[in-house]
Amino acid sequence: MGEELDSMLDMYLYENGQLLEQLEMTTLEKKDADSFDDDDINEFFRVMHTIKGSSGIMMFDDIMKLAHKLEDVFFYIRESHPDNVPHLELVEKILAVSDFLREEFDNIRDGGEPTKDSSELIADIDRFLSKIKNEILEEDKELPKETPEEAPTQFYIGAAGGEHFKYYYIICYYRNDTQMCNIHAYALANSLKEITEDMYYSPSDIITNESSGDIILEQGFKILIKTGLELDDVKAALGGFDVESTDVSKCTKEEFEAGFDIPAVIVGADTIDLGDGDKKEDAAPGGGDVKPGDYVIEQKSAGKKATLAKNKKPKAPAASYISVNVNKIDQLMDLIGEVVIAESVVLQNPDLNVPGLNLTNFNKSAAQLTKFISEMQDVIMSMRMMPLTNTFQKMNRIVFDTSRKVGKSIELKMIGENTEVDKNIIEHISDPLMHMIRNSVDHGIEEKEERIAAGKPEKGVITLEAKNEGGKVLISVTDDGGGMNPEKLFAKAKKNGIIPKDKTIDDYTNKEIYQFITYPGFSTNEKVTELSGRGVGMDVVMKNLQAVGGMLEIDSEYGKGSVMTLKIPLTLAIISGILLEVGKQKFVIETGSVKEFINVRESSIVKEPDGEEYLNVRGQYYMVLRLSEKYNIEGAAGEIEDGIMILTEYEAQKICIFVDRLLGGQEIVVKPIPEYVGKVDGLSGCTQLGDGSIALILDIGTLAGQ
């Protein structure tokens, strides 16, 4: 049972995590409305009901009780439709429960047990529920009947006697793309235990046999129950378990006791149309040649012939999905990287450089191989791509919480949240985005009085936008606040010793001054608060961005607002690069950083007294960097006219890099520089070439900033 329980636990965490995201997303979307509509309340009720049921199965009692208590709130709102539910207070309660559950799920995921005590939060929600009940009574409405709270027993469904019971035959159908259908079925069966005295279900081995899920998808999940409830109550109890459709019909006590040895089609039906004109009348349990599962009743009503599922028109195939451990995707990405290197090794093998050797067929095969590898690379990279939706939604929550702490009214607008980025990139930008959003809330948006005095709306607006541009993803945070004062920033930077004493404000552009806020320890707040004043927020942004080869661009207009833009690569693993050589050492420059290749004459070079060189390109002067001098490379070209200049750009900063020769473009598999080598200034990684040699990847951002 160990593997089955682990599988159940994984599915429990995955599905309930998805439900929490859905709950929080809807809550934040409607937080500024007057109330939630009926569809929202029904959705919230279903989410809590599902979490309650699955937590009961896993014996997480505190989680189950908390989910049940919040479910009660939605139950009373759904049944009574009170007019005066305090909306913002309800939003806070939902988010508090979401935070509690998310933290508990993280504990479980890390191999622990739920450790938090939910009693205080349950008591808080209970007080809120009492307030709602009082409002319902004040509106002269009748309180709905309490929903029973009963902890499920561990993997056991008991039987009891009695003559006043009714018997029902149920078939539940799931969507074709439902994952681990057997676990869904067990959650449903365990939930039905609360309303039944006795129950049978088929397949009966849904916990111990994973293949039972395939049987359920094909034939449906069949249940026989003995209960005191009416038909409508039984149908209502089947909701909220991701069931696509259900068929429920009454059956006799004898048919119930016969179990699933009788054909499913004859339960509760006297006449069945088999679709060929023949009919079987008054079929008895166990009689006839029809096998269980051959036919299933789709719908049955008085005076109407039963319709058989075999006569249904086939549905269009639904999209099918499968959950895969992300570590396997990472391994697959590493393998395709090795395949790309192996391809280069084969195609650039020196044994092929034999004069007169006919390589026509080889080149055709090699071209086809290259095409397939390129397509495989694109598919695998697309598997790692994820939309920014969840990351953006977390920022919505941060704006809600932070704005309430600082007492500001702020709206977050999200644009392009479906933009896809490599999963590893998303993990690195979550913290930077959080600090940027908090910075806009705390520093960017002014206090209400200041906004009114400036003729602005009382509610501030922060816009979070993502878009693809030139092989990179641009994520911008824009606010309509007070903007940055360059003079104030310059004075603070000089006070902190960031700027040399002999420098004046005229020596810097405004954009360069705005970058001071990213320096460690820099803060414009004199007083340290929970949100700011320590000068670490924007410093974290820069460190995380540098880890993924990204950059931050800051612009602002004093009195009108600021824009902070992250520029990050779509993926970390494989890049398009330009291969070049200095002496016998090979380097790579990312294609997106290259602006122009220039053949240079000595007359175009301007030399400063301190030895610095500048290249005149159409009247503009750019600093020249000789890689041979920077890295002490012997055998490199000394004369300017013997090499070639590469004009590169990083954050509007341009620099000319002098190299011996260009070797061509190539797909580059990025590898980190070994730890024993340590960090080398101006290098971001390395790669293996087809001939087995190592090429160093230049970090243009670092080189341009020097």
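I took buried to mean under 20% relative accessible area, exposed over 50%, and partly exposed in between, with a 1.4 Å probe and protein chains only. On that basis, buried residues make up 44% of the 706 residues in the protein.

**Ground rules.** This is a predicted model, so I kept in mind that local features need pLDDT of at least 70 and side-chain atom pairs count only at pLDDT 80 or more, while totals for chains, interfaces and linings use all residues. Residues are numbered from 1 along each chain as its sequence is written, and side-chain values use heavy atoms, with hydrogens and water left out.

**Overview.** I found 19 helices and 24 strands in the protein; these are DSSP runs numbered from the N terminus, H or I with at least four residues for helices and E with at least two for strands. For contacts I used heavy atoms within 4.5 Å. Of the contacts with a separation of 6 or more, 70% are between residues 24 or more positions apart. The accessible surface comes to about 36,600 Å², and 48% of that belongs to carbon and sulfur atoms. Those areas come from the Shrake-Rupley method with a 1.4 Å probe, and for residues only the protein chains shown count as cover.

**Helix 6.** I looked up residues 181-192 next. Helix 6 has twelve residues and reaches 17 Å from its first C-alpha to its last, close to the 16 Å expected at 1.5 Å a residue. The expected span is 1.5 Å times one less than the number of residues. Is this helix covered or open? It is mostly covered, with twelve of its twelve residues buried; among them are C181, H184, Y186 and L192.

**Sheet 8-10-11-13-12.** I counted two strands as paired if DSSP finds at least two bridges between them. Five strands form an open sheet in this order, and the pairing is mixed. Strand 8 (410-415) and strand 12 (551-557) are at the edges with a single partner strand each, so one side of each has no neighbour in the sheet. Neighbouring strands are turned by 15° against each other on average, direction ignored. Angles run from 0 to 180 degrees between N-to-C directions, with axes fitted to C-alpha atoms, for helices over the stretch in contact. Strand 10 (residues 460-469) and strand 11 (residues 472-479) are antiparallel over eight bridges, and L464 stands opposite V477 in strand 11. Helix 12 (residues 389-406) packs on this sheet, touching strand 8, strand 10 and strand 11, and its direction makes about 170° with that of strand 8.

**Sheet 22-14-15-24-23.** This is an open sheet of five strands, again listed with mixed pairing. Its edges are strand 22 (661-669) and strand 23 (683-688); each has a single partner strand, so one side of each is left without a neighbour in the sheet. Neighbouring strands here are turned by 35° against each other on average, direction ignored.

I then went through the pairs:
- Strand 14 (residues 574-582) and strand 15 (residues 585-590) run antiparallel, joined by six bridges; I578 has I589 as its bridge partner.
- Two residues lie between these strands in their hairpin, where G583 takes a positive phi near 65°.
- Strand 15 runs parallel to strand 24 (residues 694-698), with three bridges; F587 stands opposite L696.
- Strand 23 and strand 24 are antiparallel over five bridges, and T687 stands opposite A695.

Helix 10 (residues 326-347) lies across strand 14, strand 22 and strand 23, at about 150° to strand 22.

**T648.** Last, I checked T648 in strand 20 (residues 644-650). T648 counts as buried because its relative accessibility is 0%. Not counting residues up to four places away in sequence, T648 touches I589, S593, K595, Q653, K654, I655, I657 and I700.
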